[in-house]
Amino acid sequence: MAVGQLTDPRMRGVLWMGILGALAVFVLLWAAVWWLMLAIDPSTVWGLSTLIEWSGDYFDWVAGAAIVGAMLVATFLMFPAVVTIVVGIFLDRVADAVEARYYPDLGPPRSQPLAETLLSTVRFAVVVVLLNILILPLYLVLLLLPPANLVLYYLLNGYLVGREFFELAAFRRLAPAEATRLRRAFRSRVLMAGVILTFLMTIPVVNLLMPVLGAAFMVHVAHDLMRRQAIVPATIGPIQG
């Protein structure tokens, strides 16, 4: 249903903004890695001085390949988490279009206080940073076991992406505490949805659609889980305060 609605006129403008947002994420990630590499004097890094002496005139080629490789790795590892934060910009417009087409009986969504939105964003950012720091040593160890490091990558980012996308969608209709209880009651389904989105985020070109496609997909997931729990989503006007 999410893919089929990409041609909806109400989604086209949001789709282009999503593509530009995803491209901006790529540009920012590459610029950050490039700046970091240029800011480091290779002769001051342990082991590199020996490599410089050994490689001679070829060092610039080796360094260039290393920088490009680091950029690709940074893009691959961080893109799902960063684009998940970006999706918050587009979620309301996407969710409005999805609900208007597939859930027309619902009223306006609940109004989310600014403090609630900021708390959710900060909490997600903290979780992303802490989990990636904790898991980095295991990533390095599992480099020797390619299937295992991919499984870890998809599970970790699937958890992060699934959690944040789901809460962004569910918070429109449920109070944060109720949305959290719903997510925990169906944690395996939310994790699987997150793994699917994370996998699609690693496919070139397709990943540019993910801010919009992922938001639409997770709106359907949230409504399906509310139905399974017999939760009646908010159908009254916006809640103030």
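Start by selecting Asp-224 and Arg-227, whose side chains meet in a salt bridge, N to O 2.5 Å (a side-chain nitrogen of Lys or Arg within 4 Å of a carboxyl oxygen of Asp or Glu). Both sit in helix α9, 3 residues apart, about one turn of the helix (helices are DSSP runs of H or I, at least four residues, numbered from the N terminus). Asp-224 is partly exposed at 23% relative accessibility, while Arg-227 is exposed at 57% (buried is under 20% relative accessible area, exposed over 50%, partly exposed in between, with a 1.4 Å probe and protein chains only).

A word on what you have loaded: this is a predicted model, where local features need pLDDT of at least 70, side-chain atom pairs count only at pLDDT 80 or more, and totals for chains, interfaces and linings use all residues. Numbering runs from 1 along each chain as its sequence is written, and side-chain values use heavy atoms, leaving out hydrogens and water.

Next, pick Glu-167 and Arg-183, a salt bridge at 3.1 Å, N to O. This pair links distant parts of the chain, with Glu-167 in helix α6 and Arg-183 in helix α7 (residues 176-185), 16 residues apart. Both residues are buried.

Now hop to Arg-10 and Asp-8, bridged with their closest N and O atoms 2.8 Å apart. Arg-10 is partly exposed at 43%, but Asp-8 is buried at 9%. In total, the structure holds 8 salt bridges.

Last stop: which residues line the largest cavity? Select Glu-99, Ala-169, Ala-170, Arg-172, Arg-173, Val-219, Ala-222, His-223 and Met-226 (on a 1 Å grid over the protein atoms alone, a cavity is a set of points where a 1.4 Å probe fits but cannot get out, and lining residues have an atom within 4 Å of a point).

Definitions and conventions: On a 1 Å grid over the protein atoms alone, a cavity is a set of points where a 1.4 Å probe fits but cannot get out, and a pocket is an open set with protein on both sides within 12 Å along at least five of seven lines; lining residues have an atom within 4 Å of a point. Helices (H or I, at least four residues) and strands (E, at least two) are DSSP runs, numbered from the N terminus.
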